[in-house]
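Reader: I am new to reading structures. Could you take one part and walk me through it slowly?

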Amino acid sequence: MERKQAEYSNLDERYAIQGEKYQGQQYSHIYFTRLHHMRNLLHALVPSWKPHLPVTTVLGLEEGKDCIIVGTLYKHMKLKPSILDEYSKERSAIPLVKPHNFMHPDDHLILEDESGRVTLAGAIPPAAYVTGVVIALHGKETSAGNFLVEDILEAGIPPQITLPSINEDKYVVFVSGLSIGSEKFNPLQFQLLIDHITGHLGDENEQSIASNIVRVVVAGNSVHISPRFFNGQAVASKDQSRIAEPIKELDIMLTQLVASLPVDMMPGSNDPANFSLPQQPLHRCLFAGAATYNTFSSCSNPHQFELDSVRFIGTSGQNIDDLYKYSDAKDKLEFVERTLRWRHLAPTAPNSLGCYPYTDKDPFLVESCPHVYFVGNQDKYETQLLQGPEKQKLNLRNLECSTLSFSTSFDA
């Protein structure tokens, strides 16, 4: 059967580090750029939010006087890991317990701008926020020198380009966490997925559905390389081939896919890529087979692209995993929604999430609301259709989502 096609545009240029020169700069630049950009957005929203109140700086606060301040949040966390803890762990015979979440009842928030910083109290729950978020607050300074918050203004979901009208079914497949080389990897399951996507599995109806798949996005953590090879010691010659084995196996499987349809390959936290965000595309030399096809695209993390003018943006999960460590929500989808309302993909970078020390931009700012926002390497599959105040829709024809699962158990 003939496979459907979709016009593709890669929009990863903003995440490319080529041309950047590291000259020992610190992270104050990226925070300043973020504050400057977000403050302009928030100032434009204030007249329709609290038109009767003056906007001032932290230094300009007056005790008991209602006002609005705009700044970057800093979350003081009692349990937040420090380099001293890591040193103690190395020196201790008994390993320190590392919690999955660093929340504590004594955590509190501080708002900071160029003029100073002030501790926050009142109607702002520390559990819902993280360091790096830029917001506007209505409140007043107390006699104790704190700022008593009465109301909060977030930037909100950004504007969205019009969702195009598509009159036929087209699908995008998202895959993550393959972990080839680990004990949990099931090669038969992955081969069944490949056979389904390429139209070599199922009856005529299933093959017809497979022909509607226009692209596959592999969203990180595709390989697993044993940690014992990363202990700082030289790798023995007999072990060097073992490091390459998972990547070679991944390449063999990707080659089957790219021979049939386009594939976007994103790096993840466990893949052989740079650690800090934005992770740069995996080098094509790793994929001796797949890279020979023009349908293979090695992409950055985050990854942004358009298919038939439907805009996608997504990550391999590090941004959401970090929010889970330092804040609280009812589920992972709420963290994803917050990044949109804060208009920032990775607000905890560079505080607790590694990122490149940009001097003149913050590439993680969300200036246009995507139609589809995806996050890889999560505990379970979840989806949500989010509608903003301007009727923005998040989630090619009707944006429906579903899962593909393959059983590899056989009855005797």
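Reader: Please look at strand E9, residues 213–219. How many of its residues are buried?

Author: A word first: this is a predicted model. Seven of the seven residues in strand E9 are buried, so by the cut-off each has under 20% relative accessible area. The strand is mostly covered.

Now look at its partners. Strand E8 (residues 171–175) runs parallel to E9, and five bridges join them. Val175 stands opposite Val218 of E9. E9 also pairs with strand E10 (residues 263–266). That pairing is parallel too, over four bridges. Here Val216 has Val263 in E10 as its bridge partner.

Next, step to the loop between strand E7 (147–153) and E8, where Lys170 lies. Lys170 forms a salt bridge with Asp308, with the closest N and O atoms 2.7 Å apart. Asp308 sits in the loop between strand E12 (303–307) and strand E13 (310–315). The two residues are 138 apart in the chain, so the pair links distant parts. Both Lys170 and Asp308 are buried. Salt bridges with shared partners join Lys4, Glu168, Lys170 and Asp308 into one network.

The count of salt bridges comes to 18. Another one of them joins the side chains of Arg34 and Asp362, at 2.8 Å from N to O. Arg34 belongs to helix H1 (residues 28–49), while Asp362 is in the loop between helix H7 (332–341) and strand E14 (372–375), so this pair ties together parts 328 residues apart in sequence. Arg34 and Asp362 are buried as well.

How values were computed. Residues numbered from 1 in each chain as written. Predicted model: local features only at pLDDT ≥ 70, side-chain atom pairs only at ≥ 80, totals over all residues. Heavy atoms only, no water. Buried < 20%, exposed > 50% of the residue type's maximum accessible area, 1.4 Å probe, protein only. Pairing = 2+ DSSP bridges. Salt bridge = Lys/Arg side-chain N within 4 Å of Asp/Glu carboxyl O.
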